[in-house]
Amino acid sequence: SAHINMGITSYSDEAVLKNPTLINEEVANIFALLVLIPYDSLLYALNKYNTLNEVADFFGVEKSAIISRLQLNDANIVG
């Protein structure tokens, strides 16, 4: 299986000008996180399980994807 990097990062204007596909990748990452880890289901799993590893196992994703999904809410990107 291939590993998909679903980390949410920030890019400098210079980096985006050199490689405009960075923005497309970021949007794709956000979309994947929203589809794979719906907010209501995430809240359920966070209340049910004791560790982020258990939450990640519940969704079938890497722990880093759970962290990135939580960061979406912290950054007010999504509700």
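**A residue and its helix packing**

Analyst: In this predicted model, Ile66 has a relative accessible area of 0% and is therefore buried.

User: In which helix is the place of Ile66?

Analyst: The chain has five helices and zero strands, and from the N terminus on its elements run α-α-α-α-α. The helix that spans residues 63-74 includes Ile66, and that helix is α5.

User: How are α4 and α5 oriented to each other, roughly parallel or roughly perpendicular?

Analyst: Two packed helices are described by the angle between their axes and by the distance between those axes. For α4 and α5, the axes come within 8 Å and cross at roughly 95°. Angles of 65 to 115 degrees count as roughly perpendicular, and α4 and α5 are therefore roughly perpendicular.

User: How many nonpolar, polar and charged residues does the contact of α4 with α5 have?

Analyst: On the α4 side the residues are Leu52, Asn53, Val55, Ala56 and Phe59, and they meet Lys63, Ile66, Ile67 and Leu70 in α5. Sorted by class, the contact of α4 with α5 has seven nonpolar, one polar and one charged.

User: At what angle do α3 and α4 pack, and is α3 oblique or roughly perpendicular to α4?

Analyst: Helix α3 covers residues 39-48 and helix α4 covers residues 52-59, and their axes are 9 Å apart at an angle of about 135°. That angle makes α3 oblique to α4.

User: Is the crossing in which α3 passes α4 left-handed or right-handed, and how do the residues of this contact divide by class?

Analyst: The crossing of α3 past α4 is right-handed. In this contact, Ser41, Leu42, Tyr44, Ala45 and Leu46 in α3 meet Leu52, Val55, Phe58 and Phe59 in α4. By class, the residues of the contact of α3 with α4 divide into eight nonpolar, one polar and no charged.

User: What share of the residues in the chain is buried?

Analyst: Residues under 20% relative accessible area count as buried, and Ile66, at 0%, is one of them. Of the 79 residues in the chain, the buried ones make up 25%.

Notes. Residues are numbered from 1 along each chain as its sequence is written. This is a predicted model: local features need pLDDT of at least 70, side-chain atom pairs count only at pLDDT 80 or more; totals for chains, interfaces and linings use all residues. Side-chain values use heavy atoms; hydrogens and water are left out. Axes are lines fitted to C-alpha atoms, for helices over the stretch in contact, and angles run from 0 to 180 degrees between N-to-C directions. Helices (H or I, at least four residues) and strands (E, at least two) are DSSP runs, numbered from the N terminus. Angles under 35 degrees count as roughly parallel, over 145 as roughly antiparallel, 65 to 115 as roughly perpendicular and the rest as oblique. A crossing is left-handed if the near helix is turned anticlockwise from the far one by less than a right angle, and right-handed if clockwise. Contact means heavy atoms within 4.5 Å. Ala, Val, Leu, Ile, Met, Phe, Trp, Tyr, Cys and Pro count as nonpolar, Asp, Glu, Lys and Arg as charged, and the others, Gly among them, as polar. Buried means under 20% relative accessible area, exposed over 50%, partly exposed in between (1.4 Å probe, protein chains only).
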